[in-house]
Amino acid sequence: MSDENKDTAGSTEPGEGGGARGRVIGTPSPARDRTLLAQDDISAPAGVGEELDEASAKRAERVVATFFLVAFAASVAFIAYYIGWSGRNGGMHGVTRARESNFWLGGLMALSFLALAAGVTIWVRRLMTSKPIVQERHSLAADEETRAAFTKDFLEGAGDSGLTKRPLLRRTLLLAAAPLGLAPLVLLRDLGPLPEKKLRSTIWADAVKKAQAQGKKGVRLVVDGTDKPLRVSDFSSPGGMITVLPEGIEEDVPEDQVLTQTAKAVTILINIPEDEFKPAKGRENWHINGIVAYSKVCTHVGCPAALYEQTTHHILCPCHQSTFDATDAAKVVFGPAARPLPQLPLAVEDGYIVATSDYHEPIGPSFWERG
Ligand code: FES
């Protein structure tokens, strides 16, 4: 190494020629003046074989103890806040209360951890010797002699067991063990029967077929909860949203399947101002003056997409915030859902809103399409 290079590697001071030299990695930071401890404490760290200066150690001890006391006080305040104060006045319910609780609980916990970490750091830096500790690491590989002994033992054992001499036993043993490796595949059956094509249609299909067999245009929509058939005039205010089902679900579906079928068929009816509604190509006559029906089952993982924002005409799923544009074929405008909410074709018959067919694609999570 040249003299010039030696000089650079061994110093952190500015060069004689006025040019600043870079700090060598591993040397102390020049920002010593901003530390919590006195300059003399820092400039004389305990080194190999050095005794700690007692006065300096006492000062550091007091600083560390102060940090630990701060950590203790913050922890106690955290518990007191959680048990006492936040338990009253309605607890943490409501957005404002939750925000306030998060601020105080998070702040106190952060203060406690920070004070603890600062105390421990100063303790280690100032009160422990920096004596290097060396731990011998043994070689992982066994020596020649051990490996030879193992090989000899293994071959002797194999010979004694007859594994090499008796191929019939060896092969039948392998044969016996092979199916055990496949046993976990059998457990897959416990996941239940395959859905086959059952997820491709809903009870709307049967209800429409039954109504059309009676010479009607389609099946009436009834309000979920009251089972009251819905007239166009009952739902004439733009901005409204209501949950509907096909009429007669209780009579036409076996009792043990009512819940399942209802969950699949549940539909939201929305009245969008007609001038804001953009019917999709091929679906121009699926709405009634802006009254449109979409599946309520979110296409992400199937939560009810039950929130409707009147001003933006967005349908929101509260589970993972998927957002669908009700004016534009319920296309996804935000969130993890991969496809629009399926749309139910509507028409008017004797003043009532009717569905003229089932959904044209599977409802619910997209992977069901592959069922
Ligand atoms: S289930 Fe609707 S966003 Fe996840």
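Which residue of β2 is the bridge partner of Val222? In this predicted model, local features need pLDDT of at least 70 and side-chain atom pairs count only at pLDDT 80 or more, whereas totals for chains, interfaces and linings use all residues. Residues are numbered from 1 along each chain as its sequence is written, and side-chain values use heavy atoms, with hydrogens and water left out.

The bridge partner of Val222 in β2 is Leu245, where strands are DSSP runs (E, at least two residues) and helices are DSSP runs (H or I, at least four), numbered from the N terminus. Strands β1 and β2 pair in the antiparallel sense over three bridges, pairing being assigned if DSSP finds at least two bridges between two strands. Two bridges also join β1 to β11, and these strands run antiparallel, with Arg220 standing opposite Val354 in β11. Four of the five residues of β1 are buried, so this strand is largely enclosed by the rest of the structure; buried means under 20% relative accessible area, exposed over 50%, and partly exposed in between (1.4 Å probe, protein chains only).

The largest nonpolar core has 30 residues, and those with the most contacts inside it include Trp204, Leu221 and Leu269; such a core is a set of buried Ala, Val, Leu, Ile, Met, Phe, Trp, Tyr and Cys residues joined through side-chain atoms within 4.5 Å. Among the elements that give two or more residues to this core are α7 (203–213), β1 (219–223) and β2 (241–246), and the largest share, five residues, comes from α7. A second, separate core of 17 residues includes Val292, Ile315, Ala326 and Ala337.
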